[in-house]
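User: I would like to go through this model and ask what lies behind each description.

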Amino acid sequence: MTAVQEERSAEELKALAEQAGRDLEDASALEILQWAAGTFGKRFCVTSSMEDAVVAHLASRALPGVDVVFLDTGYHFPETIGTRDAVAAVMDVNVITLTPRQTVAEQDAEYGPGLHDRDPDLCCKLRKVQPLEEGLKGYQAWATGLRRDESPTRANTPVVGWDAKRQKVKISPIARWTQDDVDAYVAEHGVLTNPLLMDGYASVGCAPCTRRVLEGEDPRAGRWAGRAKTECGLHG
C-alpha cells in the first residue's frame, strides 16, 4: 500500500481524525494501523515506553520499517533500555531514541537533585513532554498503546482522535483491548515484553516514580504512588 503523503492543514487532519474515529471504532487493531499506514505513510510513527512491543509489532505488520519513537528520560530501568535494544535488533522497525535537552546531572544542577520527588509534573515536562513535542514535529500522526481499561482517565480514549495540543492525529489501535487481549497477542506472536512485567510491575515508567502494584490495585497504581498524579502529560 503506497500512501499519498500530502500536506494537510490542521483543520483537514482534525476532520480526518474525527471521521476515522467513528468509522474505525469497531475495526481491529491491525486494520486501524493499516489505515494509518495508507493515509500517512512515513509521516506516521509509533511511540513506545518499551513496557511491551505490542503496538510496535502490530504497526510493523502494517508498515514494515515504521518509526518507533522512544523517550530515554535518563531515569529508565535497565530492563527498559534492554527491551528497546532488543526491539531494535529483532523487529522490522526503525527505533528512534529521543533525549531531553539536559542530562540528569545538568537538570540536577539547575533545579536541584530529585526534581521528580519535589515537582514530578515539571520533571515529566522537561524529560518527556518537551522532547516528544520536538520529536514528533515531522509527523502528521502518532500511535500509542493507550487502553481504556487501564485507568479512569483513559476510559474514553478514541481509537483515532485529534491531539489538539500537538495538532496531530493520535491513534490508539488497542484502545478497546483488555490485558487478556494483550497477553494473548504476546503469546501468539512471541512479542517482546519488559521483564519487569513478570516482577510485580503492571505499568513501567521511570525508576524513581514506579513501584510494584499490590493485588487488586489499578494497573497504574504503581506510577507516582501516593500522589494525585496519574499521567505524565504526554496524553493529557
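Predicted model: local features only at pLDDT ≥ 70, side-chain atom pairs only at ≥ 80, totals over all residues.

User: What makes the chain as compact as a globular protein of its length?

Analyst: The chain has 8 helices and 6 strands, in the order α-α-β-α-β-α-β-α-α-α-β-β-β-α along the sequence. Its radius of gyration is 17 Å, close to the 18 Å that the globule rule gives for 236 residues, so the chain is as compact as a globular protein of that length. The C-alpha atoms fill a box of roughly 50 × 40 × 35 Å along the principal axes.

User: Why are residues called buried here, and what percentage of the chain counts as such?

Analyst: A residue is called buried because its relative accessible area is under 20%, and 51% of the 236 residues count as buried.

User: Which residues touch the most other members of the largest nonpolar core?

Analyst: In this core of 44 residues, they are Trp35, Phe40, Phe44, Leu58, Val160, Val169 and Ile171. Helix H2 (residues 29-40) gives the largest share, 8 residues. Another core, of 8 residues, lies apart from it, with Cys45, Val69, Leu132 and Leu136 among its members.

User: What is Val169 in contact with, leaving aside its neighbours within four places in sequence?

Analyst: Contact requires heavy atoms within 4.5 Å, and the partners of Val169 include Leu13, Ala17, Trp35, Phe40, Val160 and Trp162.

How values were computed. Residues numbered from 1 in each chain as written. Heavy atoms only, no water. Helix = DSSP H or I, 4+ residues; strand = E, 2+ residues; numbered from the N terminus. Rg over C-alpha atoms; globule rule 2.2 N^0.38 Å. Buried < 20%, exposed > 50% of the residue type's maximum accessible area, 1.4 Å probe, protein only. Core = buried A, V, L, I, M, F, W, Y, C linked by side-chain atoms within 4.5 Å.
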